[in-house]
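Reader: Please show me the model. I would like to go through its strands and helices one question at a time.

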Amino acid sequence: MSFRILALGDVVGERGTGYICRPGFLSGIKKERGISFVIANGENSAKGNGLTPQSAQALFEAGVDVITGGNHTWQKSSVYTMLDDDARLVRPANFPGAAPGHGKTVIDAGGVRVLVFNVSGNAFMTEPVANAFECADRILESERGGYDVSVLDFHAETTSEKIAMGWHLDGRVTAVFGTHTHVQTADETVLPCGTGYITDLGMCGSANGVLGVKTECIMHKFTVHTPVRFEEAQGNEVLCGAIFDTDPASGKCLKVERIRV
Ligand SMILES: [Fe+2]
């Protein structure tokens, strides 16, 4: 029997978190689609941006099993202790070791050991970090034999770097998905050696603005070029992600399906 994983793209602000955490919403999707495990990128799930203990807790209570991160993970210092202490939170592993948190976790989900790891891209990202490909290799080596299913959230800007990572890990990781750009791509596939892949899961938040931010804020940035405070867009909220059907016996992915509701 397959082990079905739902991966949710960047949860943006109070709107995105509120939409996912509405009573019965995520639990309904899980039941309807036979989902065994949920991963959500939560680096911007707090009001404004960043992650807080409150936004993380709301996602966990709604049914998320592991929250992944990105360049905004450390925006709010209130979450630093939780990043260190809670095994359900991961942040990009190729940031310096002195940054709070950890880049990988293994969670036992009803007897299936799920390795979730998180790596940041290098191309066009604001923070210079260690090589993403070497980092992924090191994690797989260190965790060898300790998991049944493995999932990478590759938080990166360019489609090329994300696609290259998919090929790099094909046959060695069960599912590789991209986050960070907030726009869902239509390239979901199972690569030749059995890795489920999608370049970007998309966003969970308001589809009325620009990547979850009010249109007028972004227009100001592009047309006036002076600082502007970003405010969350409102209305027309969506949940974007992908469902990976996986086989814990072989560690391979059987099928990938995009989801947008
Ligand atoms: Fe990001």
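Reader: Which residue in strand 6 is the bridge partner of Val106?

Author: This is a predicted model, where local features need pLDDT of at least 70, side-chain atom pairs count only at pLDDT 80 or more, and totals for chains, interfaces and linings use all residues. Residues are numbered from 1 along each chain as its sequence is written. Strands (E, at least two residues) and helices (H or I, at least four) are DSSP runs, numbered from the N terminus. In strand 6, Thr105 has Val116 as its bridge partner, and the partner of Val106 is Leu115.

Reader: How many bridges join strand 5 to strand 6?

Author: Two strands pair if DSSP finds at least two bridges between them. Strand 5 (residues 104–109) and strand 6 form a hairpin with 2 residues between them. Gly110 in the turn has a positive phi of about 60°. The two strands run antiparallel, and the number of bridges is 6.

Reader: Which residue of strand 7 stands opposite Ser120?

Author: Strand 6 pairs with strand 7 (residues 149–155) in the parallel sense, over 7 bridges. Opposite Ser120 stands His155.

Reader: Which strands are the edge strands of the open sheet?

Author: The open sheet has 6 strands in the order 5-6-7-8-10-9, with mixed pairing. An edge strand here pairs on one side only. That gives strand 5 and strand 9 (189–190).

Reader: What angle does helix 5 make with strand 6?

Author: Helix 5 packs on the sheet and touches strand 5, strand 6 and strand 7. Contact means C-beta atoms, placed from the backbone, within 7 Å. Axes are lines fitted to C-alpha atoms, for helices over the stretch in contact, and angles run from 0 to 180 degrees between N-to-C directions. For helix 5 and strand 6 the angle is about 160°.

Reader: Why is strand 6 described as largely enclosed?

Author: A residue is buried if 20 or more other C-beta atoms, placed from the backbone, lie within 10 Å of its own; it is exposed at 12 or fewer, and partly exposed in between. Strand 6 spans residues 112–120. It is largely enclosed by the rest of the structure because its buried residues number 7 of the 9.

Reader: How many residues of helix 1 are buried?

Author: Helix 1 (residues 13–20) is mostly covered. Its buried residues include Arg15 and Tyr19. They pack against several elements, among them helix 2 (25–33) and helix 3 (53–62).

Methods:
Contact = placed C-beta atoms within 7 Å.
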